[in-house]
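Visitor: Hi, could you walk me through this fold? I'd like to hear about its helices and its aromatic rings.

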Amino acid sequence: MNKNKTLSHLASILIVLSMLFCNVPFMARAEEVKEPDVKITDYTKPEGELDVGQYFVIQGKITSEEPMKKIVTGIYYRNGVANQEIVSEINDTEFDMKTVDESLVFGILPEGLYCYQVGVTDSHNNYIRLVYSEFQVGKPDTESEIRTENTSFPSETMEYGRSFKINCDIISVQPLYKVCAYIYNSDDSEIWKTAKYFVNDKKYTFSGDDVFDVAELDAGSYTYKLIAEDYSGYNVTLTRTQFEVKKTTYSDTDSEIKVSGVEVPSGVLQHGTFFNLRGNITSKHKLKVVTAKIVQRKDNTAVQERNFAPNSTEFNFYPDIDYSMIFESLSTGEYTFIIDAEDEKGYSANLVKSDFKIGDSNIKAGDVNIDGKIDIADVVAMSGYVADPENNFLQPVGIANGDVHNKGDGLTTGDVLKIQQYISSIIESLD
């Protein structure tokens, strides 16, 4: 009796479970999404060795149960970089490989290692590689080796602000694909600068001087790394050099800045007159900045100031400083002319400090050469200026003094004649 009751309870439980599963069919019997069947038949593929200049005919038929989106056919280097690649956008269940045969030209391939691939993007955006075939053209070296020659890399300790040559010759058995160089902070691996070059040759002269101006690095620890990769996919770290940039306190004997052939204003200059600055600055290290200024002594303010960045160990006053200092525009008063220089090591020097005065303008009709007299020398000076003003210099005050005929029209032969008449006592006055 108890046995029958137990069997009856079990049957009831099975009936309830059966009803539950029948009410949730989507959980128990979810349908699997069937990917479309994509295949290629009757196809050709390059294998083994092709002669240099040898052509190859591409054949094959790609079919799919659902329309395909894209066919990608290409010749690639062994590292995956495309030598030639054809992308065919389609919306069909069939594709004939003959349509890309003329576009992929095997006959132009240089000696080397390659692979041929055909891939399909199906209606569900899945990529399916249908064909992969490695082959070679000619008899290239099958081994890979990359090495350097004539290297110039940072040394273990570099002086702060010092430039350094970063270059080398990279030699490879296989054609080089890419050369990358980095300088990064050794503490936190923050990359300071990167240089990347794409190559298609077995020898490459790498020069990082334009990119890696180590004179710009702050004091600290750094790592220089050079990596090369060939078209076979082989890559190697050619150097990984750790170095430190240190600041050094320089004394006067470490850096030396000198000036020679100096001609600067002193004494008294007449108001409105030019002054031709002359001199040459030389330095043991490259000059970073040269400053020229005219300071008004009564309040120590600079009324004219110019900065120059020579980036050289030599700098001449002419023409840059000479042209930039306009003495003829100064008003009467007391001044100091100053030239300072600083080199790339941080050493600075005062090269010129000369006091001078701008006196009252001494305008005197007929005194063309501003010597305080009116004589034949003034006639000669003005005649030369009138004939060829570019090669016969006159001070602004002298030009103003010589304008005695039809004032305001500049110096002419009429002014020359009138001064001659005055010297010869033909006329009594130049006013």
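Guide: Happy to, and please keep in mind that this is a predicted model. One term first: helices are DSSP runs of H or I with at least four residues, numbered from the N terminus.

Visitor: Good. Which residue follows α6, and is its phi positive or negative?
Guide: Ser425 follows α6, and its phi is positive, near 65 degrees.

Visitor: Which residues of α6 are buried?
Guide: Helix α6 covers residues 413-423, and its buried residues are Gly414, Asp415, Val416, Lys418 and Ile419.

Visitor: And what do those buried residues pack against?
Guide: They pack against α4 (376-387) and α5 (396-402).

Visitor: Let's switch to the rings. How many aromatic pairs are there?
Guide: The count comes to 17, taking rings as paired if their centres lie within 6.5 Å.

Visitor: Why is the pair of Tyr177 and Tyr231 called tilted?
Guide: The ring centres are 5.2 Å apart and the planes sit at 55 degrees, so the pair is tilted. Tyr177 belongs to strand β9 (residues 167-185), while Tyr231 is in the loop between β11 (220-230) and β12 (235-246), so the pair ties together parts that are 54 residues apart in sequence.

Visitor: Are those two buried or exposed?
Guide: Tyr177 and Tyr231 are both buried.

Visitor: What about Tyr335 and Phe356?
Guide: That aromatic pair is stacked, with 5.7 Å centre to centre and 20 degrees between the planes. Tyr335 is in strand β18 (residues 333-343) and Phe356 in strand β19 (residues 348-359), 21 residues apart. Both Tyr335 and Phe356 are buried.

Visitor: Which residues form the aromatic cluster?
Guide: Phe56, Tyr77, Phe106, Tyr114, Tyr116, Phe135, Tyr177, Phe198 and Tyr231 form one cluster.

Technical notes. Residues are numbered from 1 along each chain as its sequence is written. This is a predicted model: local features need pLDDT of at least 70, side-chain atom pairs count only at pLDDT 80 or more; totals for chains, interfaces and linings use all residues. Side-chain values use heavy atoms; hydrogens and water are left out. Buried means under 20% relative accessible area, exposed over 50%, partly exposed in between (1.4 Å probe, protein chains only). Helices (H or I, at least four residues) and strands (E, at least two) are DSSP runs, numbered from the N terminus. Contact means heavy atoms within 4.5 Å. Rings of Phe, Tyr and Trp (its six-membered ring) pair if their centres lie within 6.5 Å; planes under 30 degrees apart count as stacked, over 60 as edge-to-face and the rest as tilted.
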